[in-house]
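Welcome! Here is a friendly briefing for anyone meeting this structure for the first time. Please have a look at the sequence and the model before reading on.

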Amino acid sequence: MATSTTAATAPAGSGREPMGSDVDARTRARAQKKREAEHLRTLTLGPGRKGRVAAYTVVAVLAALWALPMVWAVLSSFKSEADVSAAPLQLWPEGGWTADAYRNVLAAGDIPLWIWNSVLVSTLVTVITVIISALAAYAFSRQKFRGRRWLFVLTIAALMVPPQILIVPLFDQMIALRLSDTLLGVALPQVVMPLMVIVMKNFFDQIPVELEEAARLDGASDFRVFFSVVLPLSRSILTAVSIFVFISAWNNFLWPFIVTNSPEIMTIPVGLGTVKNAYGVQYASEMASAMIGALPLLIVFMLFQRHIIRGFATSGMGGQ
Amino acid sequence: MTTTTNSPASTPRPPAAAGTSLAPRRRPGKQPAPSRTGYWFLAPYLFFFAVFLVWPIIYGLWMSLTNRSLVNDESSFAGFANYSEALTDPQMWSSLGNTLFFTVISSVPLILVSFAMAYLVYTGLKGQWLWRLTFFAPFLLPVSVVTAIWAFLFTNDFGLINGLLDRFGISQVGWLSDEQVAMWSIALVTLWWTVGFNFLLYLSALQNIPDHLYEAAQLDGAGTWRRLFSITLPMMKSTTGLIVLLQALASLKVFDQIFLLTAGGPNGATRSILQYIYDAGFTGYRLGYASATSYIFFALIVLVSLAQMWFAKRKDS
């Protein structure tokens, strides 16, 4: 998906390269990939059909099981409340499909506001985390100063601290700082991510020092070197870290749940999880809210699928 | 090559190992001259690190020694009273027991299933993006979306699962209301929700196995299963070690999905240790006591991490 869009936009945008060679190269690369996949299939599953049939069966069953809850939620969100809670389960709604649940949810609830809050909080957390972690990682990787070693050991040791155990003192601290029940109070405590510093330091360690020395000989300051030599070389890790931080901030529940009180300040996981409508449980509406809440990150995922998978794979660790 | 880069960047390494790779005492190549610029680079990070990590740790430790309350500003020194109360409270132990039970019943399937998924996708079956998307997508859902979907699936009379059981003439199960079953249901939800993360870690590790190992094995006449057990699984040892650690730490920290699905019920059967802390502090207003329990839990996490380091070290030597 991602490749097809870049293939369509790249030649139109640059316009300088002859289109033919680009397309040829892509076709060749695709053919090569196909051959490699075929080779791997033969190596791992054997040359016969039996292994393949078995593998496809298992993967299809697993995928069906994994898709089923989502599919059922989507279907239910397009039913009327009466059909959703009909006692003998019905796949096809008697009253037909309807988007009423979506209309009700969007008209009545704070969902658009919660999504907006989540966008603000996650963006703020991502920007601050990436900036401070990249600067710190560069200092740990390249700068020489007293105390560097034990400060880095401290950063590694901080990996062991589960953020969840800090909620009690942090909550007290937020009241003292007058940040409780504010978006800033939701965001700021999330920006300390020692793992990101370590991941980026490992990346900077692998950039050849010579590249920076050339710039330094030309009289560039340390900050200049960092911004014009190191950062441009680090686009891949910066993307990976940004995506990782954004997703974890977006999905964070416990801290935003503790620190927010008013519905206008809640993020989407907190709002959806704690504010129920006043008429008791209405499953069609709930599924509709859930689908609206699920949509933003799923769209982000579709757009950046390759980066996200690579980012998680190379630098990815640290659960929810 | 510096001494710090002794492993390829693409294989994720446990945090513990990152610690041992530090200490580039004498690096080959030139070093930048010592300067104070480093502090300027570090300052913003250190500021947040100090305010939102180091200070709360110290402040929390102090709080745990007082009877600080959420509703009343007065607090007095209580010594270790909070700790001894927590350690003698059967509810604390049952929450801890629930947490450990959940860690075991969630981690084992999360590791086995994620490996099976990654291996199947790795073998180069067609439709890669579809399999990846299906297995990984639930990981991107906010916890409240996950729990809303599953609470609906688990509903007694018109939920999908009991509805299907009805069709096959099997009696309904109280997925979230039966004390014996509820924790298993939550483990199932957790498996569905988070397996994508381990799946990606395994998938990237599998892609680092050189093809020629399989080719050599094929020449030696090793069959499909033989290749899986003699090449793939041994090559996955360090990745599995990492995944076991990350999974255990993640499962010990379980709170969100339980809180939203059962709120710790029925009858405390699914209450986790983090919920015990939450209940003590934010519904019982006892911040000092909640802090003390936090530190008991922290000690458990440190023990698990140290045990992993010790195992990793022993394997190396």
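A residue counts as buried when its relative accessible area is under 20%, as exposed when that area is over 50%, and as partly exposed in between. Keep in mind that this is a predicted model. With that cut-off in hand, Phe226(A) counts as buried because its relative accessibility is 1%.

**A ring pair between the chains**

- The whole structure holds 43 aromatic pairs, counted over all chains.
- One of them brings together Phe226(A) and Phe41(B), whose ring centres are 5.5 Å apart and whose planes meet at 85°, so this pair is edge-to-face.
- Phe226(A) belongs to helix H12 (residues 222-233) of chain A and Phe41(B) to helix H2 (residues 37-63) of chain B, so the pair joins two chains.
- Phe41(B) is buried, because its relative accessibility is 0%.
- Both rings are members of one aromatic cluster, which also includes Tyr138(A), Phe203(A), Phe204(A), Phe223(A) and Phe227(A).

**A ring pair within chain B**

- Phe41(B) has a relative accessibility of 0%.
- For another pair, Trp310(B) and Phe311(B), the ring centres lie 5.5 Å apart with the planes at 65°, so this pair is edge-to-face as well.
- Trp310(B) is exposed, at a relative accessible area of 52%.
- Phe311(B) counts as partly exposed, with 46% relative accessibility.

**Charges over rings**

- In chain A, the charged end of Lys201(A) sits over the ring of Phe152(A), 4.9 Å from the ring's centre.
- In chain B, Arg286(B) lies over the face of Tyr289(B), at 4.4 Å from the ring centre.

**The cavity**

- How many cavities of 30 Å³ or more does a search of the whole structure find? The search finds 1.
- The volume of the largest cavity is about 50 Å³.
- Residues of chain A in its lining include Trp72(A), Ser76(A), Lys79(A), Asp83(A) and Gln90(A), while Phe152(B) and Phe158(B) are among the lining residues as well.
- Helix H3 (49-77) and helix H4 (81-84) of chain A each contribute at least two residues to this lining.
- Sorted by class, the lining has 6 nonpolar, 2 polar and 2 charged residues.

**An enclosed helix in chain B**

- Helix H6 (residues 143-153) of chain B has 10 of its 11 residues buried, so it is largely enclosed by the rest of the structure.
- Among the buried residues of H6(B) are Val143(B), Thr147(B), Trp150(B), Phe152(B) and Leu153(B).
- Phe152(B) is also one of the residues that line the largest cavity.

**Annotated transmembrane regions**

- For chain A, an unreviewed UniProt entry gives the feature "transmembrane region" at residues 53-75, 114-138, 150-171, 183-204, 225-247 and 287-304.
- Residues 114-138 of chain A are 100% helix and 0% strand, and the end C-alpha atoms of this span lie 36 Å apart.
- Residues 225-247 of chain A are 96% helix and 0% strand, with the end C-alpha atoms 30 Å apart.
- For chain B, UniProt (unreviewed entry) places the "transmembrane region" feature at residues 39-62, 100-122, 129-153, 181-203, 228-250 and 292-312.
- Residues 129-153 of chain B are 76% helix and 0% strand, and their end C-alpha atoms lie 27 Å apart.
- Residues 228-250 of chain B are 96% helix and 0% strand, with 28 Å between the end C-alpha atoms.

Note on methods
Residues numbered from 1 in each chain as written. Chains lettered and ligands numbered in written order. Predicted model: local features only at pLDDT ≥ 70, side-chain atom pairs only at ≥ 80, totals over all residues. Heavy atoms only, no water. UniProt positions renumbered as here; feature names shortened; annotations may be inferred. Helix = DSSP H or I, 4+ residues; strand = E, 2+ residues; numbered from the N terminus. Phe/Tyr/Trp six-rings, centres within 6.5 Å; stacked < 30°, edge-to-face > 60°. Buried < 20%, exposed > 50% of the residue type's maximum accessible area, 1.4 Å probe, protein only. Lys NZ or Arg CZ within 6 Å of the ring centre and 35° of its normal. 1 Å grid on protein atoms, 1.4 Å probe; cavity = no way out; pocket = protein on both sides within 12 Å on 5 of 7 lines; lining within 4 Å. Points joined across faces, edges and corners; volume = space filled by probe spheres on them. Nonpolar A, V, L, I, M, F, W, Y, C, P; charged D, E, K, R; others polar.
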